[in-house]
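Please look at the sequence and the structure shown here before reading on.

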Amino acid sequence: MTITATLEVFRCGPGGTSRRFEHYEVTVHDDATVLDAIEAVWAHHDRSLTFRHACHHASCGTCGMLVNGVEALPCIADLSAALRQRNPVRVEPLRNLPLAGDLVVDVAGFFDRMRASTMTITRTAEDGLPIATDGGGTPAQPVEVAEGLARFNRFENCVECGICISACPTMATDDRFRGPAMLAALGRARAESDDPQERERLLDLADGEHGVWRCHGAWECTTRCPQQVDPAESIMQQRRDLLRRRLRGRVR
Ligand code: SF4
Ligand code: FES
């Protein structure tokens, strides 16, 4: 079975020049994702269309964009569901990051911040790991964890997709705000560190007017994150830790 869909695609030149929407009709399998439809546009209509993708299964974080105005990973966003929301399906680049061209944003500055956070690649596994079910913030489903798994390491949740940066209203008003992904990464790095001095340094990095105190508590980052990183809760936890440090002199 196939379906025919029209995509309303944001197009622009390098650096965001000549901004416009263009419409393309594609025929794809009825279980196609939005990314499948974008690839069909590229294959059958316009090979100059610029977009990012790699894994096609929500693990590389490269394909993040707006689908019908909401941040999502199009590689796991169901096209039929998107069509029921809006016809034609609109796809646009992420917000709050510099436009590179068409559906691609410049993530260099975002990656610099993630590097500065010293986020670990692996973390200590916990019971009841959440799993992503789609790119639109669907509540996490706990999975069965084998007995004893908590003693092992697993990969960090964050795939550095930039979706939380796009969804965050504070990022839209303060480009010096460290942002939900970096702040969550600082919290993770501190939780994994057993070096007291490093823990203090990481908490210092999260502090300040462009750090955790700048967050307005909109919680959009947590709602939109496709990997259930929960940056907003991490920000609030670091605020609590900073207050404890001020009250007691240091955080244990
Ligand atoms: S915290 Fe979530 S939304 Fe933000 S970059 Fe990481 S995976 Fe993406
Ligand atoms: S293509 Fe890798 S997350 Fe979408």
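## Basis of the report

This is a predicted model, in which local features need pLDDT of at least 70 and side-chain atom pairs count only at pLDDT 80 or more, while totals for chains, interfaces and linings use all residues. Residues are numbered from 1 along each chain as its sequence is written, chains are lettered from A and ligands numbered from 1 in the order in which they are written, and side-chain values use heavy atoms, with hydrogens and water left out.

## Helix 8

Helices (H or I, at least four residues) and strands (E, at least two) are DSSP runs, numbered from the N terminus.

Among the buried residues of helix 8 are Pro231, Ile235, Met236 and Leu242, together with the charged Arg239 and Asp241, where Lys and Arg count as positive, Asp and Glu as negative, and His and the chain ends are not counted. Buried means under 20% relative accessible area, exposed over 50%, and partly exposed in between (1.4 Å probe, protein chains only). The buried residues of helix 8 pack against helix 5 (180-192), helix 6 (196-206) and helix 7 (220-224).

## A buried glutamate

Glu92, found in strand 5 (residues 89-92), is buried yet has no salt bridge, and the nearest side chain of opposite charge, Arg90, is 4.4 Å away. A salt bridge is a side-chain nitrogen of Lys or Arg within 4 Å of a carboxyl oxygen of Asp or Glu. Leaving aside residues up to four places away in sequence, Glu92 touches Phe10, Phe21, Met65, Leu66, Gly69 and Leu103, where contact means heavy atoms within 4.5 Å.

## Residues in loops

Thr118 lies in the loop between helix 3 (108-116) and strand 8 (122-124), and it is partly exposed, with a relative accessible area of 34%. Residues up to four places away in sequence not being counted, Thr118 touches Ala189, Glu198, Arg201 and Leu202.

Trp219, in the loop between helix 6 and helix 7, has a positive phi of about 70 degrees although it is not a glycine.
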